[in-house]
Amino acid sequence: MMKKDLLDMTFLIPVRVDSIIRIENLLASIHNIQRSFKTHIMILEADSNCNGVLKKILPKNVEYIYVKDNDPIFYRTHFLNIMTQKTKTDFLAIWDADIIIPARQIYESIQ
């Protein structure tokens, strides 16, 4: 299958890594997007400590941002606003680390 061109879109995925399962889900979600589309993906990791693991295991073409956050509550909208300001594409997809959607469904929603 040929990848569809979505270079005018950025998938925004804010995350707090609270388990190995979250990392596995994030990587699966990224793989699902990249398997079907030529696009941009931005990950924002918000946590009290940055051990660098997530940045090391992400695909090289995924933009990674770390934000120090000591709050026990993950304010997703706040982090999405930060990401939106850093995005350079015309369109955004607000995404979740724990979601897999068929490529056909993603493409149809964009059309």
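Which strands do the buried residues of α3 pack against? The buried residues of α3 pack against β1, β2, β3 and β4, where packing rests on contact, meaning heavy atoms within 4.5 Å. This is a predicted model, in which local features need pLDDT of at least 70, side-chain atom pairs count only at pLDDT 80 or more, and totals for chains, interfaces and linings use all residues. Residues are numbered from 1 along each chain as its sequence is written, and side-chain values use heavy atoms, with hydrogens and water left out.

The four strands form an open sheet with parallel pairing, in the order β3-β2-β1-β4. Helices (H or I, at least four residues) and strands (E, at least two) are DSSP runs numbered from the N terminus, and two strands pair if DSSP finds at least two bridges between them. Because β3 (63-68) and β4 (91-94) each have a single partner strand, they stand at the edges, and one side of each is left without a neighbour in the sheet. Neighbouring strands are turned by 25° against each other on average, direction ignored; axes are lines fitted to C-alpha atoms, for helices over the stretch in contact, and angles run from 0 to 180 degrees between N-to-C directions.

Strand β2 (residues 37-47) is joined to β3 by six bridges, and Ala46 has Val67 in β3 as its bridge partner. Helix α1 (residues 20-36) packs on the sheet and touches β1 (4-15) and β2, its direction making about 160° with that of β2.

In helix α3 (residues 76-86), Phe79, Leu80 and Met83 are the buried residues, buried being under 20% relative accessible area, exposed over 50% and partly exposed in between (1.4 Å probe, protein chains only). Seen down the axis of α3, its buried residues fall within an arc of 100°, so they line one face of the helix; the arc is that of the directions from the helix axis to the C-beta atoms. Exposed Thr77 and Gln85 sit on the face of α3 turned away from its buried side.
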